[in-house]
Amino acid sequence: MGALLKSRAQTSDPPITGGCYVSHPSNSEILQYSRRTQIIWEITPTSATDYDIMPWGIEENRVIIVGWKAIDGNGKDAGGEFGYTPDGYSFYPVSNPEQVNCYRPRPDFVGILKIAPVLDDIPIGVDSGLPTHDDDKTDGDPWEMTVWEFEIDPPYVDALPQDGATYTFTATIRPSTDHNGNSMARIIEFGLGSSSEPGYCLNATRIQGRWTDTSAEDNDLKFVPDQPGLDVFAEGPNPTNFCHARTKKPETSISVQVRCLDYGAYGTIWADAYGLGLARLKGTLIERGAEIPLDQRNGLDDDRDGRVDEDLLDLQDNDGDGRIDEEVHGNYIYDGWQWNNGAATDDNDPDPANQLPPANQPRPGDGFSRYEEYRGFIIQGSHQRLNPNVKDVFIYNPHGLDISGFATLGLQIHLIRRDEFDAVF
């Protein structure tokens with residue numbers, strides 16, 4: 001029997017061979033591209049073989065899978081987990097490598113991915129049942145594919161809207177080159193949804209026959225025309241409502257500028273890469289438009305989980321209601337505004353407080369909603385946002401009459417010019 005055993009020094013034997021491929025069970029298409037965080041399924045081993053040269057001829061050994069490897073395009077460990085899935089969504093860890101049929105990438109992994117089984121032989125001849133050469137473990141032929149991502153940055157504008165402000169958003173496809181060495185560039189199109197309030201605040205407008213006009217027919221947010229690398233165009237009857245921007249050629253990254261034309265502007269900007277789909281908000285798994293401005297809360301419990309929605313700002317479903325928490329309805333007011341603590345339509349200014357008769361102010365409110373006071377007014381040529389907790393009075397006093405008596409009412413007095421008065425009253 002000893003004469004039949006081969007020495008490890010023998011190197012003339014063919015090595016263990018085998019590998020794997022990835023396909024989708026429902027259509028048997030070979031998978032070469034997968035979006036970040038998606039489970040890669042179904043991993044199917046190819047036939048693995050090992051043949052040893054024996055004195056009586058060629059002897060086949062049985063080959064088993066003893067592990068799995070995932071490496072990146074630089075040959076480094078890509079992390080992630082191998083396991084089992086019945087549907088491509090659920091993931092179950094398994095201890096037996098031969099039960100593996102899927103791979104769950106590391107959440108932040110993007111790039112070239114190589115998946116390979118680790119193979120070992122059972123050194124017993126299949127036909128003879130005699131001992132054969134015990135080969136070392138071998139990595140099988142790797143399946144190579146691209147794990148990609150398409151994102152828009154920033155996910156929201158963390159600032160108060162200002163007339164004339166310009167916001168820049170960047171859409172990026174990663175990696176720039178796929179596993180075949182081909183560019184991942186695509187035609188990228190941006191879409192912009194916008195509020196359309198008349199004027200640029202409550203009592204001022206700009207109508208000059210230019211794209212920056214603020215009439216009732218003009219959007220409060222517009223793409224800046226004539227941007228490098230982009231075709232910018234309008235939709236609808238107003239030829240200057242620039243709400244689409246498309247790259248002139250395939251790109252892997254492109255920036256677009258949005259002009260804010262209203263102190264109360266709000267909207268969303270989407271990005272679509274042809275052949276890939278909608279962009280995710282950078283740093284999240286959410287496919288939706290970036291917010292202008294940040295508006296995730298209104299101080300209410302819209303999702304009825306017993307907590308104020310403004311506590312839910314991490315883009316997860318913390319309350320378990322089946323919706324991403326940031327999808328609760330906002331109030332169109334920037335979350336960083338100091339009086340963003342109620343609905344947009346609230347008009348319940350409490351100061352001065354109600355009094356028993358004779359009452360200075362027998363009811364709350366001053367006729368301006370919370371959103372209107374946030375959007376603000378032009379007062380003596382300058383824009384001002386108001387305090388929705390204090391009742392406001394606007395006075396046009398061309399004759400310089402004594403108005404000191406108004407101070408006894410506890411109201412917030414605003415002296416305005418004739419043009420400012422006519423624009424709102």
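In β17, Asp 231 has Arg 246 as its bridge partner. That is my starting point. Strands here are DSSP runs of E, at least two residues long, and helices are runs of H or I, at least four residues long, all numbered from the N terminus. Two strands pair if DSSP finds at least two bridges between them.

First, the ground rules. This is a predicted model: local features need pLDDT of at least 70, side-chain atom pairs count only at pLDDT 80 or more, and totals for chains, interfaces and linings use all residues. Residues are numbered from 1 along each chain as its sequence is written, and side-chain values use heavy atoms, with hydrogens and water left out.

Back to β17. Strand β16, residues 230-234, pairs with β17 in the antiparallel sense over 5 bridges. β14 joins β17 too, through 3 bridges, and these two run antiparallel. There, Gly 191 has His 244 in β17 as its bridge partner. Is β17 mostly covered or mostly open? Covered: of the 6 residues in 242-247, 5 are buried. Buried means under 20% relative accessible area, exposed means over 50%, and partly exposed is in between, with a 1.4 Å probe and protein chains only.

Next, a second piece of pairing. An open sheet of 4 strands runs in the order β3-β9-β7-β8, with antiparallel pairing. Its edge strands are β3 (40-41) and β8 (92-93), each pairing on one side only. Strand β7, residues 81-84, is joined to β8 by 2 bridges, antiparallel. Tyr 84 has Tyr 92 in β8 as its bridge partner.

Now the rings. How many aromatic pairs does a search of the whole structure find? It finds 14. Rings of Phe, Tyr and Trp (its six-membered ring) pair if their centres lie within 6.5 Å; planes under 30 degrees apart count as stacked, over 60 as edge-to-face, and the rest as tilted. Take Tyr 200 and Tyr 263. Their ring centres are 6.4 Å apart and their planes are at 50°, so the pair is tilted. Tyr 200 lies in the loop between β14 (188-194) and β15 (221-223), and Tyr 263 in the loop between β18 (253-260) and β19 (267-273), so the pair ties together parts that are 63 residues apart in sequence. Both Tyr 200 and Tyr 263 are buried.

Stay with Tyr 263. Its relative accessible area is 13%. Pro 161 is 102 residues away from Tyr 263 in sequence, yet 5.0 Å away in space, C-alpha to C-alpha. Leaving out residues up to four places away in sequence, Tyr 263 touches residues including Pro 161, Cys 201, Tyr 374 and Arg 385. Contact means heavy atoms within 4.5 Å.

Two of those partners meet again. The charged end of Arg 385 sits over the ring of Tyr 374, 5.1 Å from its centre. The test: NZ of Lys or CZ of Arg within 6 Å of the ring centre and within 35 degrees of the ring normal. Tyr 374 also belongs to an aromatic cluster with Tyr 266, Tyr 332, Trp 337, Trp 339 and Tyr 371.

Cysteines, quickly. The structure holds 0 disulfides, a disulfide being a pair of cysteine sulfur atoms within 2.5 Å. Cys 102 is buried at 0% relative accessible area. Cys 260 is buried at 0% as well.

Last, the whole chain. It has 2 helices and 26 strands. Of its 425 residues, 44% count as buried. Among contacts with a separation of 6 or more, 64% come from residues 24 or more positions apart.
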